[in-house]
Amino acid sequence: MKTTASEHDRVEGTMSPSTAETSSAKQPKPTKSELSTFETLKARIRHHYELASEYYYSLWGEHIHHGYFLNPNDTKDVAQIQLIELLLQRSNLAKGSTILDVGCGIGGTSRYLASKHDCRVTGITISGKQVEMAAKLTKDASSQNEVAVGEPIPLGNGSVRFQELDAETMGEHFAGQSFDCVWISEAMSHLPDKELFFRNAFELLKPGGKLVIADWFKAEDLLEKQVEDDIKPIEDGMLLPPLCTQFQYVSYGKEAGFGVFCDPFDISQDVSKTW
């Protein structure tokens, strides 16, 4: 129920025969009341990161996500990089890719993908404070400090730019543009309309492009008491709409047009040391 990761290879026009099945276990469409509640939740999430991002930076460093611990002596910083490298390995993402990093936080992953993987990265976050922090940290790491606001900042053989944007509007905002990869690490669980996200991601990817995901999930077939005792407190405390299972993400991806490039895998035990 902690963090897992999966990648999906975009199939242009139609799904591959091996991934043609879809699930009927869909969540019901939200009511008007629930939509209003979700908008309130997004406002709370934005406010939370406006207030807490500098604290998270002091606590977690530039990567506001779990670490993937391979050895007993791994530090938090090393483990966080290892999570990025795990996703790169499983997705087989080519160097020099164009990437939309959704829920980029203060830009740690975006900077790593640009400086170490030669990628041209656009990072989006719902928090203006995070954009401000991400841009400053990136300029400090760049050889070119004098870069206009909103313009790509060179890093190694790649570049990074950051924008304040609600992820649920990314399809409209980036209409006419396309990316080799949509990358979303421990951020999709915040999004109320996950099916919309998968549709938008599919439309923004080039043919053969990849959607790379790491996120929090709930286990399959939980009893009602388990949901009330274990899942609800996490959702409330972490400002999350109802958590999904891995199976639901795969189903949403297939319905949007994706084929599965790498099956979901559970790394809960390997990231638990983060806490």
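At a relative accessibility of 12%, S185 counts as buried, a class that here means under 20% relative accessible area, with exposed meaning over 50% and partly exposed the range in between (1.4 Å probe, protein chains only). The structure is a predicted model, in which local features need pLDDT of at least 70 and side-chain atom pairs count only at pLDDT 80 or more, whereas totals for chains, interfaces and linings use all residues. Residues are numbered from 1 along each chain as its sequence is written, and side-chain values use heavy atoms, with hydrogens and water left out.

S185 belongs to strand 6, which covers residues 179–185; helices (H or I, at least four residues) and strands (E, at least two) are DSSP runs numbered from the N terminus. When residues up to four places away in sequence are not counted, S185 touches H65, V102 and A214, contact being defined as heavy atoms within 4.5 Å. In the protein as a whole, the secondary structure comes to 9 helices and 8 strands, and buried residues account for 52% of the 275 residues. Of the contacts between residues at least 6 apart in sequence, 74% join residues that are at least 24 apart.

G107 is buried, since its relative accessible area is 0%, and, residues up to four places away in sequence not being counted, G107 touches A134 and F162. The C-alpha atoms of G107 and A135 lie 7.9 Å apart in space, although 28 residues separate the two in sequence. Helix 3 itself is largely enclosed by the rest of the structure, because 8 of its 10 residues are buried; these are G108, T109, S110, R111, Y112, L113, A114 and H117. After helix 3 comes D118, which has a positive phi near 60°.

Helix 3 also packs with helix 2 (76–91), at an angle of about 65° and with the two axes 11 Å apart. Axes are lines fitted to C-alpha atoms, for helices over the stretch in contact, and angles run from 0 to 180 degrees between N-to-C directions. The crossing of helix 2 and helix 3 is right-handed; a crossing is right-handed if the near helix is turned clockwise from the far one by less than a right angle, and left-handed if anticlockwise. Helix 2 contributes I81, I84, E85 and L88 to the contact, and helix 3 contributes T109, Y112, L113 and H117. The residues of this contact divide into 5 nonpolar, 2 polar and 1 charged, where Ala, Val, Leu, Ile, Met, Phe, Trp, Tyr, Cys and Pro count as nonpolar, Asp, Glu, Lys and Arg as charged, and the others, Gly among them, as polar.

A further helix pair is formed by helix 6 (residues 194–204) and helix 8, whose axes are 9 Å apart and which pack at an angle of about 45°. Helix 6 is therefore oblique to helix 8, given that angles under 35 degrees count as roughly parallel, over 145 as roughly antiparallel, 65 to 115 as roughly perpendicular and the rest as oblique. The contact involves K194, E195, F198, R199 and F202 of helix 6, together with Y249, Y252, G253, E255 and A256 of helix 8. These residues comprise 5 nonpolar, 1 polar and 4 charged, and helix 6 and helix 8 cross in a right-handed sense.

Backbone geometry was also examined in the loops. Most residues other than glycine have a negative phi. N92 lies in the loop between helix 2 and strand 2 (98–102) and counts as exposed, because its relative accessibility is 54%. L239 likewise has a positive phi, near 60°, in a residue other than glycine. The loop that holds L239 runs between helix 7 (224–237) and helix 8 (246–256), and L239 counts as buried because its relative accessibility is 10%.

With a disulfide defined as a pair of cysteine sulfur atoms within 2.5 Å, the count comes to 0 disulfides. For C181, the closest cysteine sulfur is that of C119, at 7.9 Å, which is too far for a bond. C181 is buried because its relative accessible area is 0%, and C244 is buried because its relative accessible area is 2%.
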